Structure formats: C-alpha cells, structure tokens
Amino acid sequence: MSNQTKFILSEQDIPEKWYNITADMPNKPLPPLHPATHEPIGPDALAPLFPMGLIEQEVTSDAWVEIPEEVRDIYKVWRPTPLYRAHRLEKALDTPAKIYYKYEGVSPAGSHKPNTAVPQAYYNMKEGVTRITTETGAGQWGSALAFACNLFGIHCEVYMVRISYDQKPYRKLMMNTWGADVYPSPSDRTHAGRQILAQDAASPGSLGIAISEAVEIAATHDDTKYSLGSVLNHVLLHQTVIGQEALKQMEMAGDFPDIIIAPFGGGSNFAGISFPFLRHKLVEGKKLRAIAVEPTSCPKLTRGVFRYDFGDTVGMTPLLPMYTLGHTFIPAKIHAGGLRYHGAGVIVSQLLKDNIIEAVAVDQLETFEAGVLFAKTEGIIPAPEANYGIAQALREAQIAKEEGVAKTILFNLCGHGNFDMASYDAYFSGRLQKHEMTQQEIEAALALIDTPAIPA
Ligand SMILES: *Cc1c(COP(=O)(O)O)cnc(C)c1O
C-alpha cells in the first residue's frame, strides 16, 4: 500500500453536495456594505449582477447545498480528479515527509475553475440569462467560463487583463474556440476602461480594472449577468468538491494531512481543497494546518489590512470585509497572473483573522525553481500559480527533514502550465527577478484606502 502512487475514485464518488464552511465557523463573516451608504446590504442588492440561485448560495447558512444533477453530469467529464503520492519528489528532497497532491489540471480548461464555471452558467441559464460578462487574469477563469457557457448556450464576453492578453495568446484562442469574445482590459468599451486609459494609455491592467468593466456591462444590460471566478462565497462553495474527494482519497491512502497547502489568488482553490478538511478541525478539533500561499509582490494576506474594501478598482462592487492592499493597488507584472488581485475572499479573510488558517508569501523565483523540480520528478508541468503551493510544500518538506518528522503534506495542484510556457521561458532565460514590496510601497498602498474600517 505504501508504494501506491495514484488514488482514483469512481463516478459515484463525485460529491452530491457542496460544503458551506460558514455553518461551522465560530465567527461568521461580517455583512457586505452598500458602496455609497455604507449600510449592510441584503441579497436583493446583488440581483442586477447575479441570478437568484447563486445569490441564495452566497448568503446561505446551511452546511450542505445540493449539487444539481445536470451539474454533476458535466462534472463527470473530468471528475473525480486523481490524487497522487509524490514518491519521486519525496526521494529527490530526501525528506521523511509524505507528500500528496490533488490534480485539478485534468479539467477541459486545465484548472479547478470549471468546478464553479459550470454551476454558475447553469443557474444563469435556468433564469433565462443570455449573456455573461467576466474578467480574467491569466486566462484560466475566462477559458473555464467560456467552456461552461457554451454548454448551456449562453454568450460569454471576457475582459482579459492587458498584460496577460499580450503574454498568453493561446488562452484567448481557447476562449474563442468555445465561442467567447475576448477584449483586452482596460478597453474603450466601458466608462471604467476609458477612465483608466485616460490616466495611463499603456496601463498593463489588473483584475480589479477588468472586474469594473465586466460589472459595468452587466449592470447596464437586462439580459446580461456578471460572473466572478473567485472571492465570493458561492464560488468557494462550488470548489469544495476538490476537498471532499481528497478526503476520501486520503482515507484510501490511510493518511490524514498535517498540513494542507494551496496557492492563493482570491481563495477559491485554497477553500476548495481545505474547507472539507477544516470541517474536521472546527467540528471535531482535529489538528490541521492550512496554509495559503501568495506572491511577495501581491501580499494582501501577510502584509495587507483587514477592513472593508471594494472588490474592483473603480469602486462599483459592494464593500467586503477582507484582507486587502487597497482596491487601487496594481501589482507588479509577475507571471502568475491569477494571483495578481488586491483582496481576498470574505470567508478566508475571517478564518485568517481568527487564526484558523495561515498565510505565507513566496517570491516568484523560488516558485519556478520548485515547479521545475516538480515537473522533473512528477512529470506534470504546473501552472505558474500552482508553483506557489509547491514551493511552500518544499519548504515544509525541508522542515520535516530538519526535524526528522514524517509529516503528511497535501497540496492542491490547481492547474497545468501547458499554456504558460512563455513564463517558463522567462525563468529559464533569467528574465524573472526577485520581487518583494518595500515597507514604503506597502504603506503608500495602504494610505490610499478610504473605505470604512471594521469595528473592533
Ligand atoms: C485562478 C487561479 C488561481 C487563483 O485563484 P484562487 O481563487 O485563489 O484559486 C490559482 N491557480 C490557478 C491555476 C488559477 O487558475
């Protein structure tokens, strides 16, 4: 048994419910506030942007939410996903730690994102929506939503962060193949985009700006809704299929993780793998460390502040209580496009505030070094975002070696990097640099925040 490499479930093991961790949290997340009045908002305020089916999930306090049969049927295309024991990586590291990873790159879009894109498109279709707008950074989310919208006959319009649009032409073509229209953001199609371009015609864009554009189109058209690939409660909820499967697979392996690790952009893949395990920590007091890994160039969890902030750059979304570097913060042009976001999900922010989870920041050079070692030992070439989780797994494996303790480490390999070889090229040719924000830069970013503080 200890030599087993791959842990495979069958179709019946695809979860029938999503897990909502808020039901088990000691401190519930604070309510969102209206962007203008700063009063708590109810579900109705979200109705111009999202279908009711998703709004109900956004605010539910039920621990379990039924997955529609139509959605489970599509999940069967790539789920359950495999869980591996990284024997060769362990050997290369000469560590007593046991390293497992859950591989979400087997989905058609190559990442965990279709786990939420499919139900989001489904609930929109049920309510007669004919067009969905969204933003995308690295192109992972845009391609997942393009794939899902196509299955339900919905038109998909994607605002792609300029820097990634230029760096990743194949992601754009993938979206086009599934029938989506893709625009570089900031664009001249929206008031928000034109406003940014007027300040800086060469703006590299950011997820926050692209969100402003996509939200503006949805808010001003009756047949159009908006879809977000991370951060929101319903997105985190959908991703819990990852951890529920991994729980069963770890049981097959006869192990339970001491440490769970995932890269962190807005929190969805981190939530997806960790929440079903954290349930055992919250409900049964099981010992478990869950570590979110962010870039040193966008360190909202480790160096940001916990307060109300907008989800977008321009300030159109409700104010959310979260760890943030400020909604106008535009991160450096590092290659892990999916991690260039100023804020964090409300649920993960509250869990971090309450010390139920941990966060660390890692430099991009260390992450590529880790990703290349992983590719050489395990075969799969990871997405640049995924390399952040791998780098932290390597750090923990090294600590286990120094301490001589056979810890069990589980990380989420949230996507493959087959469309990201340009960033590997930049790494191999020495064009990637270490990048850490100075204390002065952090203070300057935080000084710009003018949104309400969170009452003590
Ligand atoms: C989108 C994305 C991320 C970051 O988003 P989360 O919501 O934090 O998961 C990380 N890795 C990959 C491969 C992604 O596509």
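Is D94 buried or exposed? In this predicted model, D94 has a relative accessible area of 53%. Because the cut-off for an exposed residue is over 50%, D94 counts as exposed. The residue is placed in the loop that links α3 (87-93) to β5 (98-103). Its backbone carries a positive phi, near 50°, although D94 is not a glycine. A second residue of this kind is N355, which has a phi near 60° and is likewise a residue other than glycine. N355 belongs to the loop between α13 (346-353) and β14 (358-362). With a relative accessibility of 67%, N355 is also classed as exposed. In general, most residues other than glycine have a negative phi, and most peptide bonds are trans.

Strand β8 takes part in an open sheet of four strands. The strand order is β8-β7-β6-β9, and the pairing is parallel. From one strand to the next, the twist averages 25°. Strand β6 (residues 131-136) runs parallel to β9, and the two are joined by three bridges. Within this pair, I132 has K225 of β9 as its bridge partner.

The packing of two helices, α8 and α9, was also examined. Two packed helices are described by the angle between their axes and the distance between the axes. For α8 (residues 191-199) and α9 (residues 207-219), the axes come within 7 Å and cross at roughly 145°. On the α8 side, the contact is made by H191, A192, G193 and I196. These residues meet I209, S212, E213 and E216 of α9. Classified by residue type, the contact of α8 with α9 comprises three nonpolar, three polar and two charged residues.

Over the whole protein, 17 helices and 15 strands are assigned. The radius of gyration is 20 Å, close to the 23 Å given by the globule rule for 456 residues, so the protein is as compact as a globular protein of that length. The C-alpha trace spans about 60 × 50 × 50 Å along its principal axes. Of the 456 residues, 62% count as buried. Among contacts between residues at least 6 apart in sequence, 77% join residues at least 24 apart. The protein exposes about 16700 Å², and carbon and sulfur atoms supply 51% of this area.

How values were computed:
Residues are numbered from 1 along each chain as its sequence is written. This is a predicted model: local features need pLDDT of at least 70, side-chain atom pairs count only at pLDDT 80 or more; totals for chains, interfaces and linings use all residues. Side-chain values use heavy atoms; hydrogens and water are left out. Axes are lines fitted to C-alpha atoms, for helices over the stretch in contact, and angles run from 0 to 180 degrees between N-to-C directions. Contact means heavy atoms within 4.5 Å. Ala, Val, Leu, Ile, Met, Phe, Trp, Tyr, Cys and Pro count as nonpolar, Asp, Glu, Lys and Arg as charged, and the others, Gly among them, as polar. Two strands pair if DSSP finds at least two bridges between them. The radius of gyration is taken over C-alpha atoms; the globule rule is 2.2 Å times the number of residues to the power 0.38. Buried means under 20% relative accessible area, exposed over 50%, partly exposed in between (1.4 Å probe, protein chains only). Accessible areas come from the Shrake-Rupley method with a 1.4 Å probe; for residues, only the protein chains shown count as cover.
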